[in-house]
Amino acid sequence: MRLLVTADTHAEGFDELPLADAVEEADAVVHAGDFTSRAVLEGFEQRAPLHAVYGNADTPDVCDALSRRTVFEADGVRVCLVHGHQAADVAYEAAETGADIVVRGHTHTPLYRDRAVPTLNPGSPTRPRGSSSSYHAWLVCEDGRYGGRIVSLGGETLLEFGDAEK
């Protein structure tokens with residue numbers, strides 16, 4: 001299963017986002033919050049199966065439609081999804097859920113941290129911090145294993161992680 005992972009899109013409309021082609025390639029989308037508008041949330045929902053949580057910059061109607069944390073399984077991989085604005089340590093929070101990996105947003109900084117519960121942050125495709133490049137990630141889950149990569153919107157691989165085929 002090939003998941004497009006994004007967060008912190010901060011847009012008023014889906015068409016503002018530079019992710020349309022990537023969404024079309026994905027089996028599902030994982031969004032770690034800060035859609036900013038209901039129109040962006042609905043844009044993702046109309047284009048692909050969506051796993052999502054709300055973030056601190058989301059409007060009340062987005063927050064009402066989503067939860068703060070969710071856990072789902074993708075081909076044998078248990079994924080915990082949080083925005084990260086309400087937890088000092090998202091890996092600790094994810095450990096409570098029995099997750100294999102936690103996906104988070106909030107910082108706009110792409111990273112993969114290999115720890116007891118590995119942490120993936122795809123960065124932000126519209127408001128990157130610390131770099132002029134924008135980001136999203138691919139998370140490939142198969143037979144209980146996962147791997148992936150963080151990429152620039154231009155397609156350059158910035159970081160690879162895990163052991164499933166990327």
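**Core.** Of its 23 residues, Leu3, Ile101, Val103, Leu120, Leu139 and Tyr146 touch the most other members. Buried means under 20% relative accessible area, with a 1.4 Å probe and protein chains only. Strand β9 (135–142) is one of the elements that give two or more residues to this core. The largest share, four residues, comes from β9. Another core of 20 residues lies apart from it, and Phe14, Phe35, Phe44 and Val62 are among its members.

**Source notes.** The model is predicted: local features need pLDDT of at least 70, side-chain atom pairs count only at pLDDT 80 or more, and totals for chains, interfaces and linings use all residues. Residues are numbered from 1 along each chain as its sequence is written, and side-chain values use heavy atoms, without hydrogens and water.

**Leucine 120.** Which residues is leucine 120 in contact with, leaving aside its neighbours within four places in sequence? I found Val5, Ile101, Val102, Val103, Arg104, Leu111, Tyr112, Ala137, Ile150 and Phe161. Contact means heavy atoms within 4.5 Å.

**Sheet.** I traced an open sheet of five strands, in the order β4-β5-β6-β8-β7, with mixed pairing. Strands are DSSP runs of E, at least two residues, numbered from the N terminus. Two strands pair if DSSP finds at least two bridges between them. β4 (69–74) and β7 (111–113) stand at the edges with a single partner strand each, so one side of each has no neighbour in the sheet. β4 and β5 (residues 77–82) run antiparallel, joined by six bridges. Threonine 70 stands opposite leucine 81 in β5.

Technical notes. Core = buried A, V, L, I, M, F, W, Y, C linked by side-chain atoms within 4.5 Å. Buried < 20%, exposed > 50% of the residue type's maximum accessible area, 1.4 Å probe, protein only.
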